[in-house]
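Here is a short briefing on a predicted model. Keep the sequence and the 3D view open as you read.

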Amino acid sequence: MSIEDAPKPAAHRQSRFQTPPGATEILLVRHGESAPFVPGQPFELIDGQGDPPLAPQGVVQAERVGERLREEHIDALYVTTMRRTHETAAPLAAHLAMVPKVEADLREVHLGEWEGGVLRQKAAENDPIYQRMHVEQDWGLIPGAESNAELSARVVGAIGRIHAAHPDEKVVCFVHGGVIAALCGHATGAGPFAFAGADNGSIHHLVVHDEMWRLRCYNDTGHLGRFTVAPEGMT
């Protein structure tokens, strides 16, 4: 046998990620920018938490999220109890002719005495408790606020229920900055605030398969153009 006739070794291309059977693909979308806070004029509350509407910039961000995802095969949409997630989901829901489901446990971290927009004022003033909160990465330092452990248990449990209801499906969840940080931290084992500061209207891709979570994408803002700067605070 000549050298030319000898069998050639098999060529192996780099493999690509494959979603495991039974897993759920979850696209987390942070709501669009909400209305600004004016000191002395707290936002209306729902279940004790600030419930502002979207600002005009947030409406544009919601429309761009809808355009970005309208061609995706999506099996379900989820929102929280807060109006800013409903308003952000509305353009995509209209494109897909779908009615979002409400998952209350994906609502934003409860901020105790800093609810109703006060967190933004404290951030602007660089309040000592706000500084310490970021150094120690602990929401619970805010008087009356939900602890990191309480937040994580609540939102991880909610995603677990969504996964159980949607194996082998793709779901979009319209949520909040603190929720995204907690879920991405859980998926990666990172610190509580490692993924803080997600942009309004940003998209994040989780693959959830029982106890195995994978973060496939964080803070995708390619669809937003110039609307990529998050307002002060994380809610």
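**Start and end of a helix**

- Helix α4 covers residues 128-136, and at its start a side-chain oxygen of D127 comes to within 2.8 Å of the backbone nitrogen of I129.
- Such a polar contact is a pair of N or O atoms within 3.5 Å; within protein, one must be able to donate a hydrogen and the other to accept it, and residues adjacent in sequence count only if both atoms are side-chain atoms.
- Q137 follows α4 and has a positive phi, near 50 degrees.
- Helices (H or I, at least four residues) and strands (E, at least two) are DSSP runs, numbered from the N terminus.

**Ground rules**

- This is a predicted model: local features need pLDDT of at least 70, side-chain atom pairs count only at pLDDT 80 or more, and totals for chains, interfaces and linings use all residues.
- Residues are numbered from 1 along each chain as its sequence is written, and side-chain values use heavy atoms, with hydrogens and water left out.

**The sheet**

- Six strands make an open sheet with mixed pairing, in the order β5-β4-β6-β1-β7-β8.
- Strands pair if DSSP finds at least two bridges between them.
- β5 (101-102) and β8 (212-220) are the edge strands; each has a single partner, so one side of each has no neighbour in the sheet.

**Strand β7 and its partners**

- β7 spans residues 203-209 and runs antiparallel to β8, joined by six bridges.
- V208 sits opposite W213 in β8, and V207 sits opposite R214 in β8.
- The β7 and β8 hairpin has two residues between the strands, and D210 there has a positive phi near 55 degrees.
- β1 and β7 also run antiparallel, with six bridges.
- V29 stands opposite I203 in β7.
- Six of the seven residues of β7 are buried, so the rest of the structure largely encloses this strand.
- Buried means under 20% relative accessible area (1.4 Å probe, protein chains only).

**Helix packing**

- Helix α5 (residues 148-165) lies across β1 (24-30), β4 (76-79), β6 (170-175), β7 and β8, at about 135 degrees to β1.
- Axes are lines fitted to C-alpha atoms, for helices over the stretch in contact, and angles run from 0 to 180 degrees between N-to-C directions.
- Helices α1 (residues 56-69) and α2 (residues 83-96) pack at about 35 degrees, with axes 8 Å apart.
- A62, E63, G66, E67 and L69 of α1 meet E87, T88, P91, L92 and H95 of α2, where contact means heavy atoms within 4.5 Å.

Key
Buried < 20%, exposed > 50% of the residue type's maximum accessible area, 1.4 Å probe, protein only.
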